[in-house]
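Please look over the sequence and the structure before reading on.

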Amino acid sequence: MGDRGTSNHSEVTYFILIGFRVRPELHILLFLLFLLVYAMILLGNVGMMTIIMTDPQLNTPMYFFLGNLSFIDLFYSSVIAPKAMINFWSESKSISFVGCLIQFFLFALFIVTEGFLLAAMAYDRFIAICNPLLYSVQMSTRLCIQLVAGSYFCGCISSVLQTGMTFTLPFCASRAIDHFYCDTRPLQRISCSDLFIYRMVSFSLSGIIIMPTIIVIIISYMYIVSTVLKIRSSEGRKKAFSTCSSHLGVVGVLYGAVFFMYLTPDRFPELSKVASLCYTLVTPMLNPLIYSLRNKDVKEALKKLLEKRNTIV
């Protein structure tokens, strides 16, 4: 295996997730921090989905997309957080080869799906503000379902390709992954093959995935800003911008963290881990807060849900 320096991926049965290079006594603090953040992710995203499904007034394309965003945030954080928390207590910190592959595949699937979903949400806001009279016709239930299904399809295709390329690499430098989950760059470090072609293909694939979503978001908001600036009343402009501010906040947090992560030099693995925390745990935690705190409809729906519950009790 990696111990002999001559093994390949077929002989590797498990990896070691090193996690954060801190003193052992700080692992308890990290465990509690991860537990707190993960509890907030569960509460926020399950709560958001519950509110959207139970309030008839939120039966609109915007909230259909938002419900799916909460679902994705919930599941891709669940791929990472529980295993990381287990490893804080474990001495071996091992993950099986198959477990690592599954974690990699699911995380890649959900994170790419979220990117496409955010692009679909930008298009939804573009239609709502720039063509409000045709909104109900253009953003039909069928189109919304197709956009969400297409997001998952693109995420799945991307994940299959990324997982296939990564886990066919020969791993012979070590079995120790210098990260708290199975990610592309830490796995590249323990491969003994020439990674030039792999990195070029991976970079090209990432560009094909990311660029269309960014282009859709940018063009949508260029039209939105142009339309909003033509609104004469300041109240009308404020209302139009408020419907987009939450989405822009989510886009900024996710893409900012991803770009920071992959533009950070690979020689700073600890910095990469901190950046990874932003889009694996912080973003799923913040998304429900951003939408609930800045969205009047969500706050009213939550208030009605709590009043209904108090009445039943």
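Lys-273 is buried, because its relative accessibility is 0%, under the 20% cut-off. This model is predicted. Salt bridges with shared partners tie Lys-273, Asp-178 and Arg-21 into one network.

**The salt-bridge network**
- Asp-178 and Lys-273 form a salt bridge, with N and O 2.7 Å apart.
- This pair joins distant parts of the chain: Asp-178 sits in the loop between β3 and α6, and Lys-273 in helix α9, 95 residues apart.
- Asp-178 also forms a salt bridge with Arg-21, at 3.5 Å between the closest N and O atoms.
- Here the partners are 157 residues apart, with Arg-21 in the loop between β1 and α1.
- Asp-178 is buried at 13% relative accessible area, whereas Arg-21 is exposed at 54%.

**Another salt bridge**
- Arg-23 and Glu-25 meet through their side chains, 3.8 Å from N to O.
- Both of these residues are exposed.
- The count of salt bridges comes to four.

**Two helices**
- Of its 34 residues, 26 are buried, so α3 is largely enclosed by the rest of the structure.
- The buried residues of α7 include Leu-205, Ile-209 and Tyr-221.

**His-247**
- His-247 lies in helix α8.
- His-247 is buried, at 2% relative accessibility.
- Beyond its sequence neighbours within four places, His-247 contacts residues including Leu-118, Tyr-221 and Tyr-291.

Definitions and conventions:
Residues are numbered from 1 along each chain as its sequence is written. This is a predicted model: local features need pLDDT of at least 70, side-chain atom pairs count only at pLDDT 80 or more; totals for chains, interfaces and linings use all residues. Side-chain values use heavy atoms; hydrogens and water are left out. Helices (H or I, at least four residues) and strands (E, at least two) are DSSP runs, numbered from the N terminus. Buried means under 20% relative accessible area, exposed over 50%, partly exposed in between (1.4 Å probe, protein chains only). Contact means heavy atoms within 4.5 Å.
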